[in-house]
Amino acid sequence: MTQLRALLRASIHGNLKIMFPMISSLQELLDAKALLEQARAKLIIEGYSLPTKIELGIMIEVPSAAIISDILAKHVDFFSIGTNDLTQYTCAVDRMNEKVQYLYSNINPGVIRLIKLTIENAHNAGIWVGMCGEMAGDLKLIPLLIGL
């Protein structure tokens, strides 16, 4: 609540976007949005002036979020695909463990399909998609990502 209040109070100084991390279900997203609205209501009661609209997004970092991204897209303004965590959780690999690290691959077909699904569902809902993580910064993968 402290972080949400601080973000909302700062929103009067510029174009703020709020992004919830590690969302794995619709209920989790709805709960997070309810907390944001509670923070907003309390600040208004306290006399703070807040913008009427703040863009709200979520990180797509776990397979369950990617799979239900069509449902989640109806409740947010944008997605950001976190490729490091999405790859790790999709491949069931601890990327920091040297014994299994070789299994970590952001070009794993399962990862690519989840990214494609997420992008298609976002575009179908009329929301934008960003990306972060190692994959997003790999110049060799730009043609693939643009194609998706």
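## Salt bridges

The structure, a predicted model, holds 7 salt bridges, a salt bridge being a side-chain nitrogen of Lys or Arg within 4 Å of a carboxyl oxygen of Asp or Glu. One of them joins the side chains of arginine 5 and glutamate 46, with an N to O distance of 2.8 Å. Arginine 5 belongs to helix α1 (residues 2–10) and glutamate 46 to the loop between α2 (26–45) and β2 (55–60), so this pair ties together parts that are 41 residues apart in sequence. Helices (H or I, at least four residues) and strands (E, at least two) are DSSP runs, numbered from the N terminus. Glutamate 46 is partly exposed, at 45% relative accessibility; buried means under 20% relative accessible area, exposed over 50%, and partly exposed in between (1.4 Å probe, protein chains only).

Glutamate 55 and lysine 17 also meet through their side chains in a salt bridge, at 3.4 Å from N to O. Since glutamate 55 lies in strand β2 and lysine 17 in strand β1 (residues 17–20), the pair ties together parts that are 38 residues apart in sequence. Glutamate 55 is partly exposed, with a relative accessible area of 24%, and lysine 17 is partly exposed at 35%. A further salt bridge links lysine 140 to aspartate 138, their closest N and O atoms being 3.9 Å apart. Here lysine 140 is exposed at 70%, whereas aspartate 138 is partly exposed at 22%.

## Nonpolar surface patch

Leu139, Ile142 and Ile146 make a nonpolar surface patch of about 350 Å². Patches are made of residues with over 30% relative accessible area and no salt bridge; like charges are joined within 9 Å, and nonpolar side chains (Val, Leu, Ile, Met, Phe, Trp, Tyr) within 5 Å. Accessible areas come from the Shrake-Rupley method with a 1.4 Å probe, and for residues only the protein chains shown count as cover. Isoleucine 146 lies in helix α7 (residues 142–147) and is exposed, with a relative accessible area of 68%.

## Positive phi angles

Methionine 22 is not a glycine, yet has a positive phi of about 55°. This methionine 22 sits in the loop between β1 and α2 and is partly exposed at 31% relative accessibility.

Alanine 92, likewise a residue other than glycine, has a positive phi near 55°. Alanine 92 is placed in the loop between α5 (83–91) and α6 (109–125) and is exposed at 70%.

## Basis of the values

Residues are numbered from 1 along each chain as its sequence is written, and side-chain values use heavy atoms, with hydrogens and water left out. In this predicted model, local features need pLDDT of at least 70 and side-chain atom pairs count only at pLDDT 80 or more, while totals for chains, interfaces and linings use all residues.
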